Amino acid sequence: MEPSESFSVELLKQLIAIPSFSKTEDNTRDTIKDFFSTRGIQPEVLGNNVWVVNRYYDKQKPTLLLNSHHDTVKPNAGYTRNPFAPTIEDGKLYGLGSNDAGGPLVSLIATFLHFEPDKSLPFNIVMAATAEEEISGSGGIESIWNDLPKIDFAIIGEPTGMNIAIAEKGLLVLDCISKGKAGHAAREEGDNAIYKAMKDIEWFRSFQFPRTSATLGDIKMSVTIIQAGHAHNQVPEECKFTVDCRVTDAYTLEEVIDIIKENVSCEVKPRSVRLRPSGIDNQHPLIKAGQHLKKEMYGSPTTSDQALIPVPSIKMGPGDSARSHAADEFIYLDQIKNGTLDYIQLIESLAQQLTTKQ
């Protein structure tokens, strides 16, 4: 295999130079597809997603998914550099998407290439470079899940400093409506919907769910938007507000919705139940493999494609989450090189775990 650090950095530089905002990733998709094709590996493509399967795929074996995304957010106003001009200075590669999640993506691709011709692995490996992660869009990993080979467990590439996120909070956005009755403010008519909403908002502010996640702590609910009223002298008949709920693996989204509806008087409508909390059993071979490498394990407050993957998974990758979406984004070249080595060691340890179990 060619030196991973050389082709990984060159591929990442190509990807940085191509704008790939969510839903418009067709050019980076083609770059990744061509990257595999020129190495004799036939990629599958659906929408703006690309995936490849190891050479000696055996449907009798379990399958490990390596997944990261190639879409980016738009550059913020604080950039002092051209976000699409990949530049190496002082051991850093600058450019939009270099850290989130270009570094994890090219490191996982290098890891896949390392194992692709290995016939002795006790599992298959699928590498998927997917779209729309930054907007949790339906055209990403979710859209190809049924087209992939059956997946048993997964490594999600995100910038975690190569520590391992073993759980991730899910996201539940609620649109709430408190109903009252319109009337003239001066004559004390009507039933003020704002006052009714205030009672429910106070409940959202103060309620604590009884169960606490060992890795993610408590569920957090925040009222973030409120709208009511048309005129200063009219009692409003309706008050709308939005609640952002960060849900842990101690509850399902459906359980959270039921508890909320039992305790508030307003109408509650969830926008979606797609972005679910995730967790993995501490005896799972992926966790055992990480423990063997003495990796730090933690619960992640942020949401990624892990929320859309219905199998045991961990989130792990080179780079720093704090640099994601920041101006003048960068990743250290050593992080890419060492990230690939860490991924390879993790998969070797995973193979040992599964071989021992057999």
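Student: What should I keep in mind about the source?

Tutor: This is a predicted model, in which local features need pLDDT of at least 70 and side-chain atom pairs count only at pLDDT 80 or more, while totals for chains, interfaces and linings use all residues. Residues are numbered from 1 along each chain as its sequence is written, and side-chain values use heavy atoms, with hydrogens and water left out.

Student: How many helices and strands are there in the protein chain?

Tutor: The protein chain has 8 helices and 18 strands. Helices (H or I, at least four residues) and strands (E, at least two) are DSSP runs, numbered from the N terminus. The C-alpha trace spans about 80 × 50 × 35 Å along its principal axes.

Student: Why is Thr28 called buried?

Tutor: Buried means under 20% relative accessible area, exposed over 50%, and partly exposed in between (1.4 Å probe, protein chains only). Thr28 has 1% relative accessibility, so it counts as buried. Thr28 is found in helix 2 (residues 26-37). Of the 358 residues of the protein chain, 51% count as buried.

Student: What does Thr28 touch?

Tutor: Contact means heavy atoms within 4.5 Å. Not counting residues up to four places away in sequence, Thr28 touches Leu15, Ile18, Ser20 and His70. Thr28 and Ile219, by comparison, are 37 Å apart in space, C-alpha to C-alpha, and 191 residues apart in sequence.

Student: And what makes Asn124 buried?

Tutor: Asn124 has a relative accessible area of 1%, so it is buried. Asn124 sits in strand 6 (residues 124-130). Leaving aside neighbours within four places in sequence, the contacts of Asn124 include Asn54, Tyr56, Asp58 and Leu64. Asn124 and Gln60 are 64 residues apart in sequence and 9.4 Å apart in space, C-alpha to C-alpha. For the protein chain, residues 24 or more positions apart account for 80% of the contacts with a separation of 6 or more.

Student: Which residues of helix 6 are buried?

Tutor: In helix 6 (residues 253-263), Leu253, Val256, Ile257, Ile259 and Ile260 are buried.

Student: How do you know that the buried residues of helix 6 line one face?

Tutor: Seen down the axis of helix 6, the buried residues fall within an arc of 165 degrees, so they line one face of the helix. The arc is that of the directions from the helix axis to the C-beta atoms. An α-helix has 3.6 residues a turn, so residues three or four places apart point the same way. The cover over the buried residues of helix 6 includes strand 9 (170-179), helix 5 (193-206) and strand 14 (267-270).

Student: What makes a space a cavity or a pocket?

Tutor: On a 1 Å grid over the protein atoms alone, a cavity is a set of points where a 1.4 Å probe fits but cannot get out, and a pocket is an open set with protein on both sides within 12 Å along at least five of seven lines; lining residues have an atom within 4 Å of a point. A search of the whole structure finds 2 cavities of 30 Å³ or more. The largest cavity has a volume of about 100 Å³, and 15 residues line it, with Leu15, His70, Thr72, Gly97 and Gly102 nearest its centre. Helix 3 gives the largest share of that lining, 4 residues.

Student: What about the second largest cavity and the largest pocket?

Tutor: The second largest cavity holds about 40 Å³ of space, and its lining includes Tyr79, Arg81, Asp328 and Glu329. The largest pocket holds about 370 Å³. Of the 21 residues that line the largest pocket, Asp100, Glu133, Glu158, Thr302 and Thr303 are closest to its centre.

Terms used
Grid points are joined across faces, edges and corners, and a volume is the space filled by probe spheres set on the points.
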